[in-house]
Amino acid sequence: MKETVSDLLQSALAALQSEGVLPADQSFAPQIGNTKDKSHGDYACNIALVAAKSAGCAPRKLAEALVANLPASAAVDKVEIAGPGFINFFMSTASAFGVVNTVLEQAENFGCNHSGKGEKVQVEFVSANPTGPLHVGHGRGAAIGDCICRLLDANGYQVTREFYYNDAGAQINNLGLSVQARVKGLTPDHESWPENGYRGDYITDVAEAYLAGKTITADDRSVTGQAEPDNLEAITNFAVAYLRREQDSDLKAFGVEFDVYFLESSLYNDGKVEATVKRLQENGYTYEDGGALWLKTTEFGDDKDRVMRKTDGGYTYFLPDVAYHLDKWQRGFSTVINEQGADHHSTVTRVRAGLQALNVGIPKGWPDYVLHQMVMVIRGGEEVKISKRAGSYVTLSDLIEEVGRDATRFFLAARRVDSQLTFDIDLARSQTNENPVYYIQYAHARICSVLRKLATEGVQRGRHECVGDLTLLTLDEEKELANQLAKYPELVASAAAQREPHTLSQYLRELAGLFHSYYNAHKVLIEDTALRDARISLYLAVRQVIENGLGLLGVSAPEEM
């Protein structure tokens, strides 16, 4: 319907240009918005305010001229001018319900488009160090990153999901030392326990598996425990494989899978870190001071230069990141999205600066970053801080075990990424209207229940069958539902473009709310079979859009609750 309004306005604008009211050599693009108050119609446009200066008249006068030149259309009941020159469109009932046919015809593809034109997009997310179980913050990153991938898929992009393993450096050394201490029978309270060692119970699990000679298979490697307490390298390799396998298992249980697992160690093994350093030096963006090697990041907007190689010869965190992103660029990804925790904020400027200093044609501002804020988990109104197994944080698997995968995914993706999230376990487990995922899934299940009841009366409706005269749908609630369905394709497009999957969860909650209100106020299984059939068609369209939307969030649409 929005396209219809746009076409009508374009015709009116062309007419005024031919009459000399508007300049013929200018182009005008009317922006059509959904109204928040139905007393203002279904759609509103501010083109008269935008183009008034070009017309040399007051916006309201231009609005009157535009309305006078709108072609007649059965899709529009009436048009009103509001305020200084807003044009409000009231769509006809007949046009509103055209979307029901469209939804059922396109079925699972309703809302999808080809705007991405197959462009390659890489999304890197989670990228947890293999030093312990995934925590709830990783879970938020997994939910958001995976939803962004699903949204980009729906918009016609060719998406690669990538996980970057920091399997090299100080934290991996600490992991190896911690497991070795356990292998030797030490406990975290022993005076010889590594100063920065990991203390969770999972370290004991790893040590026992190593001593038992178990074989661990994780994605690209298979490692068998050597049961040699003094072989730190063997212990470290085993521990990394053990925890990688555990993280992979947790993510699969969360419905998240990756196309590429990229190892930080490969950057060193393949000489890519050294090659990056050499190029930065050749380009004249480095200098030595105090025994360290510095990068002139201030030449690219940073507030101070950064150390890239420390006095002990080791590289700082961001340098392998620069080498890694150069590799992404060389793999042909013109669009890269990094979904990370907000604690990575400081690395954004320096990584982008390092990439610019390479002088290889990478655009400024590349790559994109989506940084999510922290998550606080509460139960009974009190913060839940510790998982016994992890030792210091709530794990993703803890949360899935407590509330299930659907609720975990929905809650972790339901807020703006730049907002802190409070995960209320009691709310997520409740079967009430206050629980948003339950509320949405219940709307879907209710529709399925109605269809089962209809079947017991001998009436079978095809899953995508539009039956009945939709002009019989004349209630305000029915038109509101149809208008909400019509917003879905635009919502899918904007959620992908803005990297905002939370808008999808909000949309679904509004759709479910409209449906529940309609369901409670008006019966569907009535004696008037013509009206019944039309209402069932509307039900089917609502069910389809709920399914499609929950699918983009990675949440199931149950037929029974």
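In this predicted model, the largest nonpolar core holds 117 residues, and the members touching the most others are Leu9, Leu66, Phe89, Val126, Val377 and Phe423. Helix α20 (residues 529-553) supplies the largest share of this core, 13 residues. In soluble globular proteins, nonpolar side chains tend to be buried together.

**Overall make-up**

- The protein contains 20 helices and 17 strands.
- Its C-alpha atoms fill a box of roughly 85 × 65 × 40 Å along the principal axes.
- Of the 561 residues in the protein, 52% are buried.
- Among contacts with a separation of 6 or more, 71% are between residues 24 or more positions apart.

**Val377 in the largest core**

- Val377 is one of the residues that touch the most other members of the largest core.
- With neighbours within four places in sequence left aside, Val377 is in contact with Val136, Glu382, Glu383, Val384, Val394, Leu399, Phe423 and Ile425.
- Phe423, one of these contacts of Val377, is also listed among the core residues that touch the most other members.

**Helices α7 and α8**

- Helix α7 (residues 170-183) packs against helix α8 (residues 201-211) at an angle of about 65°, and their axes are 8 Å apart.
- Angles of 65 to 115 degrees count as roughly perpendicular, so α7 is roughly perpendicular to α8.
- The crossing of α7 past α8 is right-handed.
- On the α7 side the contact is made by Leu175, Ser178, Val179, Arg182 and Val183.
- On the α8 side it is made by Ile203, Thr204, Val206, Ala207, Tyr210 and Leu211.
- Sorted by class, the residues in the contact of α7 with α8 are 8 nonpolar, 2 polar and 1 charged.

**Helices α2 and α3**

- Helix α2 (residues 47-55) and helix α3 (residues 59-68) cross at roughly 105°, with axes that come within 8 Å.
- α2 and α3 are therefore roughly perpendicular to each other.
- From α2, the contact uses Ile47, Ala48, Leu49, Ala51, Ala52 and Ala55.
- From α3, the contact uses Pro59, Leu62, Ala63 and Leu66.
- The contact of α2 with α3 has 10 nonpolar residues, no polar and no charged.
- Leu66, on the α3 side of this contact, is also one of the residues that touch the most other members of the largest nonpolar core.

Key. Residues are numbered from 1 along each chain as its sequence is written. This is a predicted model: local features need pLDDT of at least 70, side-chain atom pairs count only at pLDDT 80 or more; totals for chains, interfaces and linings use all residues. Side-chain values use heavy atoms; hydrogens and water are left out. A nonpolar core is a set of buried Ala, Val, Leu, Ile, Met, Phe, Trp, Tyr and Cys residues joined through side-chain atoms within 4.5 Å. Buried means under 20% relative accessible area, exposed over 50%, partly exposed in between (1.4 Å probe, protein chains only). Helices (H or I, at least four residues) and strands (E, at least two) are DSSP runs, numbered from the N terminus. Contact means heavy atoms within 4.5 Å. Axes are lines fitted to C-alpha atoms, for helices over the stretch in contact, and angles run from 0 to 180 degrees between N-to-C directions. Angles under 35 degrees count as roughly parallel, over 145 as roughly antiparallel, 65 to 115 as roughly perpendicular and the rest as oblique. A crossing is left-handed if the near helix is turned anticlockwise from the far one by less than a right angle, and right-handed if clockwise. Ala, Val, Leu, Ile, Met, Phe, Trp, Tyr, Cys and Pro count as nonpolar, Asp, Glu, Lys and Arg as charged, and the others, Gly among them, as polar.
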